[in-house]
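Here is a short tour of side-chain contacts for you to follow on screen. Please keep the viewer open as you read.

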Amino acid sequence: MMSNPVHGLPFLPGTSFKDSTKTAFHRSQTLGYRNGYAVVRRPTVGIGGDRLQVSQLSQAELDELASKAPVLAYGQPKQAPRAEFIPAYVAFDKKVLKFDAYFQEDVPLSTEERYRIRRVNIYYYLEDDSMSVIEPVVENSGIPQGKLIKRQRLAKNDRGDHYHWKDLNRGINITIYGRTFHIVDCDKFTQVFLESQGIELNPPEKMALDPYTELRKQPLRKYVTPTDFDQLKQFLTFDKQVLRFYAIWDDTDSMFGECRTYIIHYYLTDDTVEIREVHERNDGRDPFPLLMSRQRMPKVLVENAKNFPRCVLEISDKEVLEWYTAKDFIVGKPLTILGRTFFIYDCDPFTRQYYKEKFGISDLPRIDVSKKEPPPVKQELPPYNGYGLVEDSAQNCFALIPKAPKKDVIKMLMNENKVLRYLAALESPIPEDKDRRFVFSYFLATDMISIFEPPVRNSGIIGGKYLGRTKVVKPGSSVENPIYYGPSDFFIGAVIEVFGHQFVILDTDDCVLKYMERNAAQYSPEALLSIQNRGRKQEAPAPELDNQQTEEDPGVQELEALIDTIQKQGKDRPCRDNICKMFQIYDKEASGHVDRETFFKICDSFHLPVDDSLVKELIRMCSHGEDKIDYYNFVRAFSN
């Protein structure tokens, strides 16, 4: 076996020798990780762990050599190393800008101060551009102080921008959450930082002074002359004497306001006033009837005390020009106390006697303040939109989730599958509509009407369903109280108007005749007379009419002759009514036609001779198209 060549042999093709005993051919790893970052390492050994004869260059160095252009004698100058990246939270750690500012707070319920100046410190944290507002705590100020706005990024406008240190300067106003702060000065570090960034600072300003604080620094020395009014005599004279007035406060003009009842007590002992609220059972209010505790009530204040709080704190004669007295409480006149206007409508008997003896007022009437309830508003249904039935549309006005109108279940059960059929003609000025015939079906269970037009060959009019099941309103009835057509409106010669189209009833079936006989009280004499005339015409011979019909429609005469022939030949035929009822069960639309499959199925159940030549011809003449058969004329041929 040959070993690797000794040092000195040229590494040329043909002079190198392969070690056949070598079995390891792996490459050394050149990629490692240090502190979570990928680090490229230069290989120290070759394939299989062999020692490298020369040093390898990295891929970056190879790329640099490939792109290097020999422009200088000593090669290209090396680039200076990049400055080390320092994140903001490290560079600006614990670096805070401080500004001195103040804001003005209104004091509406005070006679000594109209506004208050409150000093604050605004801190801007450079590491995350957040800000905080802190009010220094002043001892015995009576105001909750400390952190007003916690550290956060503050919105500058409605577009989503936030305050930056470039927006801050001395002598400007900034608005934070609806409160305006005026910046007057900043500390030394803030001044140096802003100037180093090229910001020109405004000159510092003096902090505004609080007028109330300055006023308290000067002691007030005033002397009040004592009054000559003898309070002891008043107490001994009017002890336990109280005037009682009944009043109301009407606040119905404001939102959620109401009219409430009060009792006003006027104590003659010390001219104090007390207001109590009258509670009723289950009125939903807390059981605290005392609206205003017993105290003297000012009527006219001095000019400088207009903004003095009228319901709290102590009040003295120096803020009041005139107090309320007994002569100010008169029945029938309004009275304003603490911003509320009370209307006195009555008083007790002692008060009436006191006013009669003291002021000479003997007629203090009792005013009726009870309000009459307005008449109930009549609920009117909106106008009918024409879709669906009026009863169904009205349910949407009675409840948020409409319910189906109640139905007469007993009527539906008693009249189930009971249908009255009528033959009608259309009254129309169009000549093509004169020969059109329609079958009216009146469903006694639901009082609905459907109209079917039997198709006629070569008429140019497509027959079939003319009107689905629906209730038809009589002409002239109102939309609020619709009157629908009933069975008593259908008789021979009657004119039925259906959605603007007029139909004339020409004939009826036997079921209608039986129904009219059982319910003769529902029909008018005209309707009963029309049925009697129909029976007479059927009994009386009409050769001239037959001849005319034969001349006008030979097919009808052939059909009648064929039906008459089958009736004469037939023996032991089932009842005509039974066959007709069976066909009507399958005729859901009451059109008088059924499909061929159902037709032969019913004929087979009644053992009708459909294979007979005469019956086949009758089926052919009763057929309308390839799928429908007129079972009415067919059943007539098998009547007993």
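What follows is a briefing on cysteines, aromatic rings and charged side chains.

This is a predicted model, in which local features need pLDDT of at least 70 and side-chain atom pairs count only at pLDDT 80 or more, while totals for chains, interfaces and linings use all residues. Residues are numbered from 1 along each chain as its sequence is written, and side-chain values use heavy atoms, with hydrogens and water left out.

**Cysteines**

- The count of disulfides (pairs of cysteine sulfur atoms within 2.5 Å) comes to zero.
- Cysteine 347 has a relative accessible area of 4% and is buried; here buried means under 20% relative accessible area, exposed over 50% and partly exposed in between, with a 1.4 Å probe and protein chains only.
- Cysteine 622 is buried too, at 2% relative accessibility.

**Aromatic rings**

- The whole structure has 22 aromatic pairs, meaning rings of Phe, Tyr and Trp (its six-membered ring) with centres within 6.5 Å; planes under 30 degrees apart count as stacked, over 60 as edge-to-face and the rest as tilted.
- Phenylalanine 245 and tyrosine 355 make an edge-to-face pair, with 6.1 Å between centres and 85° between planes.
- That pair links distant parts of the chain, 110 residues apart: phenylalanine 245 belongs to strand S9 (residues 242-250) and tyrosine 355 to helix H6 (residues 349-358). Helices (H or I, at least four residues) and strands (E, at least two) are DSSP runs, numbered from the N terminus.
- Phenylalanine 245 and tyrosine 355 are both buried.
- One aromatic cluster is formed by Tyr422, Phe438, Phe440, Tyr442, Tyr466, Tyr485, Phe490 and Phe503.

**Charges over rings**

- The charged end of arginine 340 sits over the ring of tryptophan 249, 4.0 Å from the ring centre; the rule asks for NZ of Lys or CZ of Arg within 6 Å of the ring centre and within 35 degrees of the ring normal.
- Lysine 471 has its charged end over the ring of tyrosine 484, 5.3 Å from the centre.

**Salt bridges**

- There are 22 salt bridges in the structure, each a side-chain nitrogen of Lys or Arg within 4 Å of a carboxyl oxygen of Asp or Glu.
- Glutamate 105 and arginine 116 meet in one of them, at 3.7 Å from N to O.
- Because glutamate 105 lies in strand S3 (residues 96-106) and arginine 116 in strand S4 (residues 115-125), this pair ties together parts eleven residues apart in sequence.
- A network of salt bridges links Glu105, Glu113, Arg116, Arg118 and Glu135.
- Aspartate 433 and arginine 436 form a salt bridge, with their closest N and O atoms 3.1 Å apart; aspartate 433 is buried at 11% relative accessibility, and arginine 436 is buried at 15%.
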